[in-house]
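Start with the structure, then take the points by topic.

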Amino acid sequence: MSASVIQKKPISIWLVFSFLVASLSIYGMYNVFLDGQEASYGVSREVSWGILIIGYSFLVGISAGAAIVGSLAHVFKVEAFHVMSKRVALVSLAALVGAFFIIFWELAGPYQLQTLRLLKYYMNFEITSPIWWMVTLYMIELPLLAIEVYFLVSKKHESAFFASLIGLFLGVIAYSTLAFVFASNATRPLWHNTSFSLFFIISATTAGAAIVLIMIFMSGRGDKLKINVMALSKMLFLGLCLMFFVNTWNVLLNTYGAQSELAKTMLLFVGDGPLAFNFYYLEIGLGIILPIILLAMGGFKSPFLSASAGILMIIGMFFSRFDTIVGGQLLSRPHTHMDFILHTYHVSGSELSIFIGGLGVSGLVFFLGEKYIDLEEETH
């Protein structure tokens, strides 16, 4: 039996905790069964994608980031990243399972035979649809991640190499295709730009480094893995700087020319716009600037400061997805000669419970793996 990545408490406690978090989703599921989605969720015709889509995007980003960092060890043989490698693959799988749980309840309840509806839609082979390709890629990636974990645990290194290589390719393509689902919508100027997919991949890769740093600290092995901490901290620092760079230029370029629809949309994020607090303090301040300061203070050597920076980065990444996905829908102009209409979106209790429950589902998958799979091998 392998030792848990979290040394301070028995793994059974974390399993129970994850189960309790996952069970919070019962509230939202009950309401959906009883009253339907329209009455249970805070979305509307104008703002049709809410926190469940955001949660799905967030978790598949975690999955893609973990796959990218894991590939640095398994595919590119970078020794500095060959730490917690089995657990990194397990995180990628667990996050994707949680994402599927969330998106299932966003689409509809099982009483509407959602699975059959999905199969009917999928079998139409709408290959010009970005959503069709996203579904296809993730349908392949989920079992592939499970196979990769099996090969790693079985020490079938050659097979794990090919599984990780394919997983890296599919993870990046699938996540960028998810970004394309948004970016292909020409009626949403905030999404419809070439940097959208690139920013998704940059933030996912940065989150992958953050996750490994958090696991190293929680395992109590930070002092023994100084080289790994430094390499991952530098990777996290670089990713944060790139995210700040992209955000800065997006604001400057998109607010230039105040009469454009995109510039009007960007006013949601600056000044006293409804998303300004999220953008300035949670996405940029908490999620980018403060982690950069913490990493610099620790000289890329402190497991505690690097893990703290990683936690803040992941929180900021969630608010980045929230601001971007919600912000792209809040402003509309039905006709070119009409004034802009500002819509509102408030997260309902049902949506929030299912989102939190999805995080619990991811935790359950991960800690079940911790309990029943031998994950020890990662120090080289």
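At what angle do the axes of helix α8 and α9 cross, and how close do they come? In this predicted model, the two axes cross at roughly 140° and come within 8 Å. Angles over 145 degrees count as roughly antiparallel, so α8 is oblique to α9.

**Helix pair α8 and α9**

- Helix α8 covers residues 157-183.
- The crossing of α8 and α9 is right-handed.
- From α8, the contact uses Val-172, Tyr-175, Ser-176, Ala-179, Phe-180, Phe-182 and Ala-183.
- α9 answers with Phe-196, Ser-197, Phe-200, Ile-201 and Ala-204.
- By class, this contact has 10 nonpolar, 2 polar and no charged residues.

**Helix pair α5 and α14**

- The axes of α5 and α14 lie 8 Å apart, at an angle of about 150°.
- With the cut-off for roughly antiparallel at over 145 degrees, this pair is therefore roughly antiparallel.
- α5 and α14 make a right-handed crossing.
- Contact residues of α5 include Leu-90, Val-91, Phe-101, Ile-102 and Trp-105.
- On α14, Ile-354, Phe-355, Val-361, Val-365 and Phe-366 are among them.
- Glycines take part too, including Gly-98 of α5 and Gly-357, Gly-358 and Gly-369 of α14.
- Arg-87 of α5 and Glu-370 of α14 belong to the contact.

**Largest pocket**

- The largest pocket holds about 990 Å³ of space.
- Its lining has 26 residues.
- Nearest the centre of the pocket are Ile-214, Ile-314, Leu-359, Gly-363 and Phe-367.
- Two or more lining residues come from each of α1 (11-23), α4 (51-74), α5 (85-107), α9 (195-219), α13 (303-330) and α14 (349-372).
- α14 gives the largest share, 7 residues.
- The pocket lining has 22 nonpolar and 4 polar residues, with no charged ones.

**Largest cavity**

- The model has 1 cavity of 30 Å³ or more.
- The largest cavity contains about 270 Å³ of space.
- It is lined by 18 residues, with Leu-190, Asn-247, Asn-250, Glu-283 and Thr-324 closest to its centre.
- At least two lining residues each come from α9, α10 (226-254), α12 (276-297) and α13.
- α10 supplies the largest share of this lining, 5 residues.
- The cavity lining splits into 9 nonpolar, 7 polar and 2 charged residues.

Key
Residues numbered from 1 in each chain as written. Predicted model: local features only at pLDDT ≥ 70, side-chain atom pairs only at ≥ 80, totals over all residues. Heavy atoms only, no water. 1 Å grid on protein atoms, 1.4 Å probe; cavity = no way out; pocket = protein on both sides within 12 Å on 5 of 7 lines; lining within 4 Å. Points joined across faces, edges and corners; volume = space filled by probe spheres on them. Helix = DSSP H or I, 4+ residues; strand = E, 2+ residues; numbered from the N terminus. Nonpolar A, V, L, I, M, F, W, Y, C, P; charged D, E, K, R; others polar. Axes fitted to C-alpha atoms, helices over the stretch in contact; angles between N-to-C directions. Parallel < 35°, antiparallel > 145°, perpendicular 65-115°, else oblique. Left-handed = near helix turned anticlockwise from the far one by under 90°. Contact = heavy atoms within 4.5 Å.
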